[in-house]
Amino acid sequence: MYIESFKQHFSAIDDHRQSAKVTYPLFDVLFGSLCAVIASSNGWFEIREYILGHHSWFKKQKMFIDGIPADDTIARIVSMIEPDSFNACFLAWMKSVHQLTNGEVIAIDGKTLRGSYNRDDRSSTIHMISAYASANKLVLGQLKAEQKSNEITAIPTLLKMLDLRGALVTIDAMGCQTAIATTIIDKGGDYLLAVKNNQGNLAKAINKAFSSHRSAGLSDDHVNIEKSHGRIENRACFVLSSAELDGDFTHWEALKSIVMVESFRAVKGKTASLEYRYYISSKVLSAEQALSATREHWGIESMHWVLDVSMNEDECQIYKNNGAENLAYLRHMSLNMLQKEPTKLSIVGKRKRCLMNPAFLEKVLIAGLCAPTK
C-alpha cells in the first residue's frame, strides 16, 4: 500500500535519461534513497550501503532486481531530478495526508545548509525556506533561496504554493513585509508577523501604543510561567486593536490587531533579562491565542535543531548539481514520516530501529504515506 502511495505522488518526476541506457529505474533509486535516509543514511555511500544491506527486502518489493547501483550512480540519478518537480510532488503528497484545521499555526522560517556550498565559491551555500505545521510537527513545503537575504522574495513564492485557508501564518521580522501580508490574505489565511526596526514607523507606533501597558504591568490572566533546571521564564501578552496605532497603516492588508509579548528570563548564576517583542496580525486574537501562536512559531526552530542534531544536515558535504536540494527534500520527507509514526521513541531511536528492522521501516512508511493526520 505504501509503495503504491509513493508511486501515486512521486511518479510525476521526470526521468531525463535515455530509456535505452536505463539500468536502474528512477523509482527504485528514489524510493531506496528515501528508505535509507529514514534509516540514518547521510550521503550517497551510506545510501548505497543501506540498500545493499537490505537487498533481499527490496527485491521482495520488486526493486533492484538487476543489482544495486554504485554510490556515484545513485548520486547522479538523484542529483539530476529537477527540484521544482520534486517539490511539486512533495506539496501534493502533504496535501493528501495533512488536513488543515481552522486556526492552525503555520510557521515560516529559513535554514542554511552549511555544507552545501560549491568548494570554489563559499557564497553559494543553499538556504531553504520551510513551512511548518507546528501542532502536527510536519513540514508542509519548502523552497530554495540562494542566500538568507533572498528570504523576502522566496517567502511569497512558497506561500503561493500552499493551501492557507483558515491558517494563521507566523513569520519572523524579516518576513514583515506588506507584499507577504497581502499574499497570505489572498491565499485565505491570516498573518501574525514579528515587527522590529526594519519597519521603523510601524515599530515606533506599536511601541507607543503599548507604553502605558509596559509601565502598568500586565494582568495575570495573560501570563505563562515555566520553571525548570534553575531557569524561570515568565511570558505575558497583551493585544490591542490596530485602531490604537498613531498613524496611517492601511497599506497593511486586513490589519486588525497589534500584540506585545513581555518575556522575563532568570537563570541561576546569570543576570536576569527582560525583553519585549511586538507583532501585527490580520486576525482578532485574544491574549491567550496570541501568546500560544508566538510560542508555536518556535516549533520550526525545534525542527531545524532536529535536522542538524538528529539528521546531521549541516555536516552533509554534498553540493553538486541538485543533490543538496533534493537530499533536503528527502530529509524533510523522512522527518515527517518519523514524526507521524506513533512509537514513543526519539527521532534518533526510530532511525536506528529502521536501520536494523525493515518491519519497523514499513510502519514508518505506512504512517507517513498512507494515514491522514487527524
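This is a predicted model: local features need pLDDT of at least 70, side-chain atom pairs count only at pLDDT 80 or more; totals for chains, interfaces and linings use all residues.
Lys-350 itself sits in helix α14, which covers residues 347–356. Is Lys-350 buried or exposed? Its relative accessibility is 4%, and because the cut-off for buried is under 20%, Lys-350 counts as buried. Once neighbours within four places in sequence are set aside, the contacts of Lys-350 are Leu-338, Gln-339, Glu-341, Thr-343, Leu-345 and Phe-360.

Let us turn to the strands. Strand β1 (residues 105–112) has 7 of its 8 residues buried, and strand β3 (residues 138–145) likewise has 7 of its 8 residues buried. The pairings that involve these strands are set out here.

| Strand pair | Sense | Bridges |
|---|---|---|
| β1 and β2 | antiparallel | 7 bridges |
| β2 and β3 | antiparallel | 7 bridges |
| β1 and β4 | parallel | 4 bridges |

Gly-110 has Ile-129 in β2 as its bridge partner, while Ile-108 stands opposite Ile-171 in β4, a strand that runs over residues 168–171. His-127 faces Ala-145 of β3. Strands β2 and β3 make a hairpin with 4 residues between them, and in its turn Lys-137 has a positive phi of about 55 degrees.

Now for the nonpolar interior. In soluble globular proteins, nonpolar side chains tend to be buried together. The largest nonpolar core here numbers 107 residues, and Phe-31, Trp-252, Ile-280, Met-333 and Leu-365 have the most contacts inside it. Which element gives this core its largest share? That is helix α2 (residues 26–38), with 10 residues. The core also takes at least three residues from each of two domains: domain 1 (1–81 + 341–369) and domain 2 (95–307). Apart from this core lies another one of 15 residues, including Cys-237, Val-259, Tyr-279 and Ala-290.

Met-333, one of the residues with the most contacts inside the largest core, deserves a look of its own. Leaving out neighbours within four places in sequence, Met-333 is in contact with Phe-6, Phe-10, Leu-34, Phe-86, Phe-90 and Trp-93.

Conventions:
Residues are numbered from 1 along each chain as its sequence is written. Side-chain values use heavy atoms; hydrogens and water are left out. Helices (H or I, at least four residues) and strands (E, at least two) are DSSP runs, numbered from the N terminus. Buried means under 20% relative accessible area, exposed over 50%, partly exposed in between (1.4 Å probe, protein chains only). Contact means heavy atoms within 4.5 Å. A nonpolar core is a set of buried Ala, Val, Leu, Ile, Met, Phe, Trp, Tyr and Cys residues joined through side-chain atoms within 4.5 Å. Domain bounds come from an automatic or database domain assignment. Two strands pair if DSSP finds at least two bridges between them.
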